Amino acid sequence: MRLAEKLALGYAYGTSLLAYMVDGPPRPFSATWAVTNRCNLRCSYCNCPFIDPTNLDLSQVAIMFDRLRTMGVRRLGLAGGEPMMRKDIGEIVAMAKQRGFWVSVNSNLTLYERHPERLALADLVYTSLDGDEAAHVAARGEGSHAGVMAGIAALRRSGKPVIAICVVTEHSLGQADALLRQAETMGFRIHFQPQCTDTDIVRGAVSAGVANEEFRAFWRSLLAEKKRGRPIVSSTPYLEFLSQWEDFSVSAYQAPNTRCAAGHGFFYIDPLGKAYPCAYTKGKTTAVDLLAADWRTAWNRETPCSSCIVGPMLEFNLLFQRPLASAVESARTYA
């Protein structure tokens, strides 16, 4: 990341944090946009391929990006579905970079070898890796493993930073050490996140065959591995929080005396340009149409929950709830 990008992103986060602390008008520094619900895989815990496949066209994307820029957003995550199902994803990334966004793309990489140019301008690529071939295929389907490994190798050869996301299920619980050894060998890093339940973009349930204490022990073990210097990008506050979560079958709830930063510091946009405080709240709160309205004035400030273990949402929330520890570690990790 160039110095100018670091300064712009840092300023946007600082402004967002200040607005949150004084309970001023929301000023998100980060947005995650699902560019499409379409996907070439059928992962056991993802509902996106079964939702409306309609997308914004590039002229609408330009309107939305201009609005995000005016709002103060500087970090933009492009997700799905599978972003590479859009033939114009390379153009979308280019449009985002032209407006000064720091851009990450979350892809399963099974289509990457056919179209590597589509991710050439992305600052960071996230992908999915749930363990060895058997564990990965159990969660994501036949043909999902070879593509991701080839994609990671090609991206690392080109110098592109890669973070693999492991969704922690009964299939991946015993896979952490093997995944970390693979990451150390190939030069990528790993973020671990719990399986999420009970919202529009996910499906399935946490296995009843895994006790909550088994999950807590897993997160404690990752915390120990991170302290040993292994390539885990999940932050220390995040791992500490998860190691104390009571019931992993419950992804979020309204906790007394707890305030969530969703909508204030970050938010989520679906493929039609409808915005929500975070991905977990899709279908649970009133959307704001970003093609017609400004989030800062149109959002009703309502959220159905205040405490959660929804992987990326928890990391973002900790940037606002525990800014010193989380922001310093995040800066070291991404900058």
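The model is predicted.

- Strand E2 (residues 75-79) and strand E3 (residues 102-106) run parallel and are joined by four bridges.
- Within this pairing, glycine 77 has serine 104 of E3 as its bridge partner.
- E3 also pairs with E4 in the parallel sense, here over three bridges.
- Valine 105 has valine 125 of E4 as its bridge partner.
- E4 is in turn joined by four bridges to strand E5 (residues 162-168), and these two strands run parallel.
- Tyrosine 126 stands opposite isoleucine 163 in E5.

**Burial of strand E4**

- Five of the five residues of E4 are buried, so the strand is largely enclosed by the rest of the structure.
- Cover is found on both faces of E4.
- One side carries Leu124, Tyr126 and Ser128, the other Val125 and Thr127, and all of these residues are buried.

**Salt bridges between separate parts of the chain**

- Aspartate 123 and lysine 97 form a salt bridge in which the closest N and O atoms are 2.8 Å apart.
- This pair links distant parts of the chain, 26 residues apart: aspartate 123 lies in the loop between E3 and strand E4 (124-128), and lysine 97 in helix H3 (residues 89-98).
- A further salt bridge joins the side chains of arginine 230 and aspartate 177, at 2.7 Å from N to O.
- Because arginine 230 lies in the loop between helix H7 (212-227) and helix H8 (236-242), and aspartate 177 in helix H6 (residues 176-186), the pair ties together parts that are 53 residues apart in sequence.
- Arginine 230 counts as buried at 12% relative accessibility, whereas aspartate 177 counts as partly exposed at 39%.
- Arginine 230 and aspartate 177 also belong to a network of salt bridges that links Asp177, Arg181, Glu184, Glu225, Arg228 and Arg230.

- Glutamate 213 forms a salt bridge with arginine 216, with 3.1 Å between the closest N and O atoms.
- Both residues lie in helix H7, three residues apart, which is about one turn of the helix.
- Glutamate 213 is partly exposed, with a relative accessible area of 38%.
- Arginine 216 has a relative accessibility of 18% and therefore counts as buried, the cut-off being under 20%.

- The side chains of glutamate 329 and lysine 226 are joined by a polar contact of 3.2 Å.
- A polar atom of the glutamate 329 side chain also lies 2.8 Å from the backbone nitrogen of threonine 236.
- Leaving aside residues up to four places away in sequence, glutamate 329 touches Lys226, Ser234, Ser235, Thr236 and Pro237.

Note on methods. Residues are numbered from 1 along each chain as its sequence is written. This is a predicted model: local features need pLDDT of at least 70, side-chain atom pairs count only at pLDDT 80 or more; totals for chains, interfaces and linings use all residues. Side-chain values use heavy atoms; hydrogens and water are left out. A polar contact is a pair of N or O atoms within 3.5 Å; within protein, one must be able to donate a hydrogen and the other to accept it, and residues adjacent in sequence count only if both atoms are side-chain atoms. Contact means heavy atoms within 4.5 Å. Two strands pair if DSSP finds at least two bridges between them. A salt bridge is a side-chain nitrogen of Lys or Arg within 4 Å of a carboxyl oxygen of Asp or Glu. Buried means under 20% relative accessible area, exposed over 50%, partly exposed in between (1.4 Å probe, protein chains only).
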